[in-house]
Amino acid sequence: MTRRTARREELAEAATDYVLEHGLVGLSLRPMAAALGTSDRMLLYHFDDKDDLVATLLRTSNDRSVAGIRALPPSADVPAAVQSLWATVTSPEQDRCQRLYVEAAALGLLGSEPYATVVREANAVWVQALADHLVASGMPADRAARAVVLLDAAFMGFQLDLPLDTGTTARAAVQLAVADLARAVAAIAQGSA
């Protein structure tokens, strides 16, 4: 039985911060609880079990990411929207949330729960936020889903590659690729792709 309390919400936020800093791989309740100023037993008092805690913090991280996208004002046009979305998803806070998502997605691909279910849920909310921003920036609604598939896959690929090559040449190449992506998404918006 999940307890919906202010303390649970406070612990969920703090646990999310902890995992954004330390990652999911090898997550142990005892060190997390100590860092949060509580015990592992008290964590489990507020959450059904470790899976409930992990699912909650993954949802909290995704909610933060989606809030960042939803806070964006509409862009002047679709290419500017792509650039604005890229700047947002690569901001320090968003980047940490994206990396946590990648960890959860990798574990989910192996069939591990709660990762598979939460990632599937998170994806639906995430792509809707991206689509809504594109539509608000001039993308025809009937083309937004197609554009988001390309946009999301490209962003994820860029984000996975960047930490592997931190040189300025790699960053410049990604910026050019984002500009190419913006033109491709605009072509989808115009119906010419």
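**Largest cavity.** I looked up which helix gives the most to the lining of the largest cavity, and α6 does, with 4 residues. Helices here are DSSP runs of H or I with at least four residues, strands are E runs of at least two, and both are numbered from the N terminus. The model is a predicted one: local features need pLDDT of at least 70, side-chain atom pairs count only at pLDDT 80 or more, and totals for chains, interfaces and linings use all residues. Residues are numbered from 1 along each chain as its sequence is written, and side-chain values use heavy atoms, with hydrogens and water left out.

I noted the lining: Asp95, Gln98, Arg99, Val102, Met156, Gln159 and Leu160. Both α6 and α8 supply at least two residues each. By class I get 3 nonpolar, 2 polar and 2 charged residues. (Ala, Val, Leu, Ile, Met, Phe, Trp, Tyr, Cys and Pro count as nonpolar, Asp, Glu, Lys and Arg as charged, and the others, Gly among them, as polar.)

The volume of the largest cavity is about 30 Å³. Searching the whole structure turned up 1 cavity of 30 Å³ or more. The search uses a 1 Å grid over the protein atoms alone; a cavity is a set of points where a 1.4 Å probe fits but cannot get out, a pocket is an open set with protein on both sides within 12 Å along at least five of seven lines, and lining residues have an atom within 4 Å of a point. Grid points are joined across faces, edges and corners, and a volume is the space filled by probe spheres set on the points.

**Largest pocket.** I read about 250 Å³ for the largest pocket. It has 17 lining residues, and the closest to its centre are Asn62, Gln98, Tyr101, Asn123 and Met156. Four helices each supply at least two lining residues: α4 (50-70), α6 (92-109), α7 and α8 (141-161). The lining divides into 11 nonpolar, 5 polar and 1 charged.

**α5 against α7.** Next I checked helix α5 (residues 78-89) and helix α7 (residues 115-136): their axes come within 9 Å and cross at roughly 140 degrees. Axes are lines fitted to C-alpha atoms, for helices over the stretch in contact, and angles run from 0 to 180 degrees between N-to-C directions. That makes α5 oblique to α7. (Under 35 degrees counts as roughly parallel, over 145 as roughly antiparallel, 65 to 115 as roughly perpendicular, the rest as oblique.) From α5, the contact uses Val78, Ala81, Val82, Ser84, Leu85 and Val89; from α7, Trp126, Leu130, His133 and Leu134. Contact means heavy atoms within 4.5 Å. I count no charged residues here, with 8 nonpolar and 2 polar.

**α8 against α9.** How do α8 and helix α9 (residues 168-190) pack? The angle is about 170 degrees, with the axes 9 Å apart. That makes α8 roughly antiparallel to α9. The contact divides into 14 nonpolar, 1 polar and 2 charged residues.

**Ring pairs.** I found 2 aromatic pairs. (Rings of Phe, Tyr and Trp, the last by its six-membered ring, pair if their centres lie within 6.5 Å; planes under 30 degrees apart are stacked, over 60 edge-to-face, the rest tilted.) Trp86 and Phe155 have ring centres 5.1 Å apart and planes at 50 degrees, so the pair is tilted. Trp86 sits in helix α5 and Phe155 in helix α8, 69 residues apart.

**Whole chain.** I logged 9 helices and 0 strands for the protein chain. Its C-alpha trace spans about 55 × 35 × 30 Å along the principal axes.
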